[in-house]
Amino acid sequence: MNSIRLLDWSKIKYVSKGVLVGAVTGIVISLLRAAVELLLETTIEVYHFLNERPVWIIGWTALMLLFAFIVALLVKHEPDIRGSGIQDIEGQLHGSMDLNWSSILWRKFVGGTLAIGSGLALGREGPSIQLGGALGQGINHYLKGNRSQQSVLISAGASAGLSAAFNAPVSGVLFVLEEIHRKFSGILLLTAFSASITANFVAYQIFGVEPPMHLGEMVQFPLEHYGQLALMGATLAVGGWIYQEVLLYMPKLYRMLPIPAYLNGFIPFLLVIPVGLFFPSMLGGGTEVINMLNESSLTLWVLIGIFVFRFIFTHLSYGSGLPGGIFVPVLSLGALIGAIYGNSALILTGIDEVFLRSFIIYAMGGFLTSVTKAPLTSVMLITEMTGSVTHLMPLAIVCMSAYIVADFIGSEPIYEELLHRKLDRKPSVFQGEVTEIEMHVEVDTALDGMMVKHLLMPKGANLIKIRRHDKEFIPHLDTIFSPGDELIITTDRGYVSDVRTQLYKLN
């Protein structure tokens, strides 16, 4: 007699929740995407109008100041909408932060639309991910889910946010697993994938199925020039390290100004006016720059000049703390480095000019890898955004080379660094609520092969169990940690950041 296999209703519930989160997130992020694109198109048209009738510049300046004032008020009342918000999602999922989802939801939407749509060098992926996470948290609140379910739905919302922002469903899932969680979980994968696919379907209905960055047909990159790809990856890693150092220094530079931090946004809002008047193609996160590189043949010195300009403009925009991300600005800087490197390679090696576009696309993924330390996400994001798989292998070579060199020179994932900087400014306060921390033992670290009795736990933290090969057990003093072990540690919620920081030094 054949046995009837019972359905796993718990997984079906999570798939259903993932679809719900994806549908809601897809609608909200599509609205954000449409609002940003409409405002940015209008802004560019206004600058063309102002060049013909400069008398209206005074009125436009007043409008920019009004936008800056509105965003400043939003940031003042909800500081957690500053920047991309991805680091805040990481902090929330790691137990280091508590976010007010309802407050973030509408303030990030309005602030992100005004900042990005006004032509500042900011990307929409950060706000999209944070808004998705906020929606996931809100849906869990209305469904009366527990903290574990909240973590899954926040992750699903973040995945759906990236998916809807770029028509990139696989990248959305990979980003959550590789960048935010850095671990694989069946339920997490299932829920995030359900949300990501659903959000992408919603975005398809509104924006169509065309890739958001279609750069034309690609030709196979010749094997004999793969060494150039590895060398370019190393160059991108150094460039990514410089980018990170400047990005992390910019808040210190802004703090030197004799104004409150929430008013820093006035500076880029004013500086963007001359940019729009004299260089309207430089407005926005960088999509227009990438299209310009793809369609025009620019000299090496012009490319270097554009890179320096965009580098400064990007850091002035993001460093002010305005709501906006760095994905697209980073991609545009990577494309510029690729164009510079490609033009140099044409001169020095005689490689065919048809491969210049290849250098541009590969460098986008490599530079994103060097900044985020997420090579799989970078490879898949570029593939989904350009709609071409012919560059998959050479793109992977560039990203892997960039990752290895970035790791060698000590670059850390930028969102992890931003989170640490943010938490370091907040004092640790005992909250009287016990929470769990999960940490995976990495290969060849101080924890690998260590006995439990030799692990010096931070004050107030306790190792309660180890999860190994889907089995959990309570460790003894002579238990030896193995790579892949998941350590379950309890501590007070107010000390999560301190405990993580101390344990990460061993891992």
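Me: Rings of Phe, Tyr and Trp count as a pair if their centres lie within 6.5 Å. Which residues form one aromatic cluster?
Reply: The structure is a predicted model. With the 6.5 Å limit between ring centres as the rule, several rings join into one group. The members of this aromatic cluster are F221, Y226, Y341, F355, F359 and Y362.

Me: Are F221 and Y226 buried or exposed?
Reply: A residue counts as buried under 20% relative accessible area and as exposed over 50%. By these limits, both F221 and Y226 are buried.

Me: Is the aromatic pair of F307 and F311 stacked, edge-to-face or tilted?
Reply: Planes under 30 degrees apart count as stacked, those over 60 as edge-to-face, and the rest as tilted. The count of aromatic pairs was 15. For F307 and F311 the centres are 5.9 Å apart and the angle between the planes is 40°, so the pair is tilted.

Me: In which helix do F307 and F311 both lie?
Reply: Both F307 and F311 are buried. They are 4 residues apart, about one turn of the helix, and that helix is α12 (residues 300-319).

Me: Over the face of which residue does K17 lie?
Reply: A charge sits over a ring if NZ of Lys or CZ of Arg is within 6 Å of the ring centre and within 35 degrees of the ring normal. K17 is 5.4 Å from a ring centre, and the face it lies over belongs to Y14.

Me: With which residue does K373 form a salt bridge?
Reply: Side chains of opposite charge can pair when their charged atoms come close. K373 also lies over the face of Y403, at 5.2 Å from the ring centre. In its salt bridge, the closest N and O atoms are 3.2 Å apart, and the partner of K373 is D407.

Me: How many residues apart in sequence are the parts that K373 and D407 tie together?
Reply: The closest N and O atoms of K373 and D407 are 3.2 Å apart in their salt bridge. K373 sits in the loop between α14 (356-372) and α15 (375-386), while D407 sits in helix α16 (residues 392-408), so the pair ties together parts whose separation in sequence is 34 residues.

Me: Is D407 buried, partly exposed or exposed?
Reply: The limits are under 20% for buried and over 50% for exposed. K373 has a relative accessible area of 10% and is therefore buried. D407 has 46% relative accessibility, so D407 counts as partly exposed.

Me: Which residues do salt bridges that share partners join into one network?
Reply: E472 forms a salt bridge with K465, the closest N and O atoms being 3.3 Å apart. E472 also forms one with R467, where the closest N and O atoms are 2.8 Å apart. Through shared partners, salt bridges join into one network K465, R467, E472 and E486.

Me: How many Å³ of space lie in the largest cavity?
Reply: The model has 2 cavities of 30 Å³ or more. The residues that line the largest cavity include E90, H94, R182 and Y504. The space in this cavity is about 110 Å³.

Me: Which helices each supply at least two residues of the lining of the largest cavity?
Reply: By class, this lining has 3 nonpolar, 5 polar and 4 charged residues. Among its residues are E416, L419, H420, S497 and R500. The helices that each supply at least two residues of the lining are α17 (414-424) and α18 (496-504).

Me: How many residues of the lining of the second largest cavity are nonpolar?
Reply: About 50 Å³ of space lies in the second largest cavity. Residues including A68, V71, R82, G265 and L322 line this cavity. The lining has 3 polar residues and 1 charged, and the number of nonpolar residues is 7.

Me: How many Å separate the C-alpha atoms of T287 and A158?
Reply: T287 is in helix α11 (residues 287-295). T287 and A158 are 129 residues apart along the chain, and the separation of their C-alpha atoms is 22 Å.

Technical notes
Residues numbered from 1 in each chain as written. Predicted model: local features only at pLDDT ≥ 70, side-chain atom pairs only at ≥ 80, totals over all residues. Heavy atoms only, no water. Phe/Tyr/Trp six-rings, centres within 6.5 Å; stacked < 30°, edge-to-face > 60°. Buried < 20%, exposed > 50% of the residue type's maximum accessible area, 1.4 Å probe, protein only. 1 Å grid on protein atoms, 1.4 Å probe; cavity = no way out; pocket = protein on both sides within 12 Å on 5 of 7 lines; lining within 4 Å. Points joined across faces, edges and corners; volume = space filled by probe spheres on them. Nonpolar A, V, L, I, M, F, W, Y, C, P; charged D, E, K, R; others polar. Salt bridge = Lys/Arg side-chain N within 4 Å of Asp/Glu carboxyl O.
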